[in-house]
Every structure is written in structure tokens, then in C-alpha cells.
Amino acid sequence: MLALTSLRTLDSSPGTTPRRRCLLLPRSRGRTHAISTDLSKVPLKAYRGKGADAEVLDTHAVIELLEQPSSRVSGVLFRRQLYTDMVLTGNAFVLLAGSAGAVSALIRLHPSRVSIAPLSDGQPDKYQYMGGEGIPKMYEHDQILHIRAPSWSDDPSNLWGTGAVQPLH
């Protein structure tokens with residue numbers, strides 16, 4: 001694991017856990033690029049059923065959405081970015097965009113711009129995203145897909161996965 005000096009702590013609202021930005025060394029960048037490029041080439045498949053009786057489906061709504069997650073981002077770029085986020089930070093965040101309970105787009109949220117507001121029992125409740133305009137946007141738990149690596153932390157930071165690059169505290 002690389003430990004790099006934190007450039008700055010991102011502002012976050014009271015009751016949310018902040019993230020820090022880190023420098024990325026060239027060797028880590030190359031390895032991360034190779035991992036994300038290789039994984040993004042793996043074909044997506046959907047199955048119906050389990051085990052030996054499972055059948056491969058010709059098409060599925062989730063596969064179609066992952067192949068074209070939004071009108072401005074290709075499926076390959078989207079997946080490369082999620083893999084990069086996971087390797088480096090241990091977290092990937094996706095806004096499930098749409099209306100009336102139907103997801104029509106997947107929008108990647110940069111991990112350093114996300115803060116998590118926990119419930120009293122420590123589970124994630126809401127996600128705050130600090131957009132480019134500097135105005136925080138709060139999302140409900142069911143609007144965000146949070147893919148995370150495991151964490152050994154025994155404090156509110158356990159809501160975050162542990163990545164290859166961690167800020168020094």
C-alpha cells in the first residue's frame with residue numbers, strides 16, 4: 001500500500017465523513033491503468049438461474065445500461081473509471097439516475113467528492129456529493145450504488161473501503 005501526503009481535506013457537512021485527496025506516483029498510475037484496461041475488456045454476461053442450471057441470457061437491461069451508461073460516457077470508459085476508483089481508493093460511487101423507479105443512466109461520482117452520513121447503527125444513510133459548482137447535493141441510500149473494498153477501521157471511516165492509496169493522517 002502506498003501512503004502519500006494529503007494535499008487537503010475536502011469540506012464536508014457536519015455528520016458526514018470527509019475524504020482526502022492524494023498524489024499518485026507514476027508506477028501506481030501505470031499499474032492502475034493496466035488493471036482497469038484489462039478488466040474493461042472482460043465481456044459482460046447475464047445469467048438466469050444458479051449453478052450448473054444457469055443459462056446465459058442474450059440480452060438484459062443491466063448489460064445494456066453498462067454498455068452505454070449515459071449519453072456522454074461509453075461503457076468501456078465508465079468501467080475503466082470504476083475499476084480505477086476501486087483500485088486507488090477502495091470505493092466506487094454510481095448515481096442511479098432516472099425517474100419513477102426506473103434507472104435510465106449510470107453516473108460515476110468521483111470518490112473524493114463524496115461524503116457519507118451514517119445512521120446511528122453505523123450503516124450508510126445518505127450520500128453527499130460536492131459537484132463542480134461547489135454546491136453539495138444529498139442523495140438517498142437507494143440512489144447510490146456504493147461498491148467498496150473491505151475495511152478494518154473501527155470508527156466512522158469503516159463506511160469506506162481501503163484502497164491501494166491512502167492519505168497520511
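A salt bridge is a side-chain nitrogen of Lys or Arg within 4 Å of a carboxyl oxygen of Asp or Glu. In this predicted model, local features need pLDDT of at least 70, side-chain atom pairs count only at pLDDT 80 or more, and totals for chains, interfaces and linings use all residues. Residues are numbered from 1 along each chain as its sequence is written, and side-chain values use heavy atoms, with hydrogens and water left out.

Three salt bridges are present in the structure. Arg108 pairs with Asp85, and their closest N and O atoms are 2.9 Å apart. Arg108 belongs to strand β7 (residues 102–109) and Asp85 to helix α3 (residues 75–89), so this pair ties together parts that are 23 residues apart in sequence. Helices (H or I, at least four residues) and strands (E, at least two) are DSSP runs, numbered from the N terminus. Asp85 is buried, at 4% relative accessibility. Arg108 is partly exposed, at 25%. Here buried means under 20% relative accessible area, exposed means over 50%, and partly exposed lies in between (1.4 Å probe, protein chains only).

Glu140 bridges to Lys126, with the closest N and O atoms 2.6 Å apart. Glu140 sits in strand β10 (residues 136–140) and Lys126 in strand β9, so the pair ties together parts that are 14 residues apart in sequence. Glu140 is partly exposed, with a relative accessible area of 38%. Lys126 is also partly exposed, at 25%. Glu55 forms a salt bridge with Arg48, and here the closest N and O atoms are 3.9 Å apart. Glu55 is partly exposed, at 42% relative accessibility.

In soluble globular proteins, nonpolar side chains tend to be buried together. A nonpolar core is a set of buried Ala, Val, Leu, Ile, Met, Phe, Trp, Tyr and Cys residues joined through side-chain atoms within 4.5 Å. The largest has 11 residues, among them Phe93, Ile116, Tyr139 and Trp160. Strands β6 (91–99), β8 (114–118) and β9 (124–130) each give it two or more residues. A second, separate core has six residues, including Leu82, Ala92, Val94 and Leu106. Tyr139 touches Leu95, Lys126, Tyr127, Tyr129 and Ile144, not counting residues up to four places away in sequence. Contact means heavy atoms within 4.5 Å.

Ile35, Leu39 and Val42 make a nonpolar patch of about 220 Å². Ile35 lies in helix α1 (residues 26–40). Ile35 is partly exposed, at 36% relative accessible area. Patches are made of residues with over 30% relative accessible area and no salt bridge; like charges are joined within 9 Å, and nonpolar side chains (Val, Leu, Ile, Met, Phe, Trp, Tyr) within 5 Å. Accessible areas come from the Shrake-Rupley method with a 1.4 Å probe, and for residues only the protein chains shown count as cover.
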